[in-house]
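Grab a pencil and open the structure viewer.

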Amino acid sequence: MGMVSEVKLIDENGLRIDGRKFNELRPISIEVGILNRADGSAYIEWGGNKVIAAVYGPREAFPKHTQNPSKAVVNARYNMAAFSVDERKRPGPDRRATEISKIISEALEATIFVEQFPRTAIDVYIEVLQADAGTRIAGLTAASVALADAGIPMRDMIAGCAAGKVDGKVVLDLNKEEDNYGQADVPFALIPRTGEVVLLQMDGNLTRAEFEEAIEMSTKAAMFISNLQREALMTKYSRAEEREETKEEPKNGNSGEDAHE
Amino acid sequence: MKYVVPGQFLGTAEEYIPGEGAYEDNGRIFSSCAGDMSVDEKNYRINVLSKEKPIHAEVGDEIIGVISEINEPIVVVMSEYLIRNGEIHEYHDRTLIHASRITGHFLDQASRAIKMRDVVKARVVSTRGKIDLSLERPEDGVIYGFCSRCRKPLEKVNNALYCKYCQRTEMRKTSSKYGEISLGLKR
């Protein structure tokens, strides 16, 4: 951010470096229930981002002094794998990961019915396997699907998207080049049903009009992503149904044979 | 039956009362879980039952698992199934057995009564922080063991386990139901 742009990020046709229009998202696919040891899990591929989210709990919070007698504590941990970026990242939590973990925890706490589970902890682990700008929102999107998969009661699934300013133009869903050489980046997440904002940050500067344009674009994109989240859950459900049907079939066959004998 | 996801509109507060897995906001009822929606017309209640409610081990449950690690005096069991009220559930967790809880009397080494990769049936005795199991009851213990030399299944002969390929006898804390993997339980 703030670096002098040497590459032209938007060409004369108004297309971006990866051929997208200014308000176009990168391709997104979500898969639910990929880890069998976790209570709930999800995997998201968002352009070049590949993120796994796993949810455990509600379970007894340890150490005991972290327990809250009136509600559950949501511990999200955002972690980038050492191999997730071009140059090896030193493993372990750094200043950036600690901050992102905190804001994701707070965003999720706003949607989970935490008061139903006093003295417990809900652990959310977000592992970034491959990073290509916008990982905090990708992680948060995957985490809320994983929470739904874990059966944790919540108001709605959080969805979000980032917008930013590149070559003096407000664009949706920045990729790595745009994030590095652009002028601003605004990650944004909301509760789709009510429109309540649960995460909003800004890196760089935008005028008021530009900011409002960015939010408007992100909101539209978040509604679209919210539908993808629902579809991902439905897909897992229909697969489970199919498996159950195939399981029952041989049973029916056997009883038929018995009757024949 | 209809599958619903969190935040989905289910009905209005004039019609129904939000039951399990549902909540009311501003006179409207929404789902708070992903699961099957059912309407209880008698009590005017809307319930959402999540398909897979995670099951947690409680004291008194039985667990079937595989020995994955022996680190004296602790034995680590990777549990696969949990039995509660005669019903079997899939349950994946890392559970522990202390050497003092294997035979009911003093045992200097856990590996005298249990070997790697044995399948055991055990009872949960504590769930505080970690899940502790006990093999002290006669029906608990190894339900399927493998020869430590050739890895072929062992047969129960009298009170010991015998490998007919190596013609060796091995000692285990065996369950009284050795070899009965399907215990007549329903899923």
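This is a predicted model: local features need pLDDT of at least 70, side-chain atom pairs count only at pLDDT 80 or more; totals for chains, interfaces and linings use all residues.

**Exercise 1.** Work out which strands of the open sheet in chain B stand at the edges.

*Solution.* Start with the strand order: the open sheet has four strands, arranged β1-β6-β7-β3 in chain B, and the pairing is mixed. Now look at the ends of that order. β1 (2-4) and β3 (17-18) of chain B each have a single partner strand, so one side of each is left without a neighbour in the sheet.

**Exercise 2.** Find how β1(B) is joined to β6 of chain B.

*Solution.* Take the direction first: β1(B) and β6 (residues 35-40) of chain B run antiparallel. Then count the links, and you get three bridges. For one pair to click on, go to Y3(B), whose bridge partner in β6(B) is D36(B).

**Exercise 3.** Describe how α1 and α2 of chain A cross, and what their contact is made of.

*Solution.* First, the geometry: the axes of α1 (residues 95-109) and α2 (residues 135-149) of chain A come within 11 Å and cross at roughly 40°. Angles under 35 degrees would count as roughly parallel, so α1(A) and α2(A) are oblique to each other. The crossing is right-handed. Next, the contact: α1(A) contributes R96(A), E99(A), I100(A), I103(A), I104(A), A107(A) and L108(A), while T135(A), R136(A), L140(A), A143(A), S144(A) and L147(A) come from α2(A). Last, sort these residues by type: eight are nonpolar, two polar and three charged.

**Exercise 4.** How far apart are the C-alpha centres of the two domains of chain B?

*Solution.* Get the bounds from the domain assignment: domain 1 is 2-49 and domain 2 is 62-170. Their C-alpha centres lie 45 Å apart.

Definitions and conventions: Residues are numbered from 1 along each chain as its sequence is written. Chains are lettered from A and ligands numbered from 1 in the order in which they are written. Side-chain values use heavy atoms; hydrogens and water are left out. Two strands pair if DSSP finds at least two bridges between them. Helices (H or I, at least four residues) and strands (E, at least two) are DSSP runs, numbered from the N terminus. Domain bounds come from an automatic or database domain assignment. Axes are lines fitted to C-alpha atoms, for helices over the stretch in contact, and angles run from 0 to 180 degrees between N-to-C directions. Angles under 35 degrees count as roughly parallel, over 145 as roughly antiparallel, 65 to 115 as roughly perpendicular and the rest as oblique. A crossing is left-handed if the near helix is turned anticlockwise from the far one by less than a right angle, and right-handed if clockwise. Contact means heavy atoms within 4.5 Å. Ala, Val, Leu, Ile, Met, Phe, Trp, Tyr, Cys and Pro count as nonpolar, Asp, Glu, Lys and Arg as charged, and the others, Gly among them, as polar.
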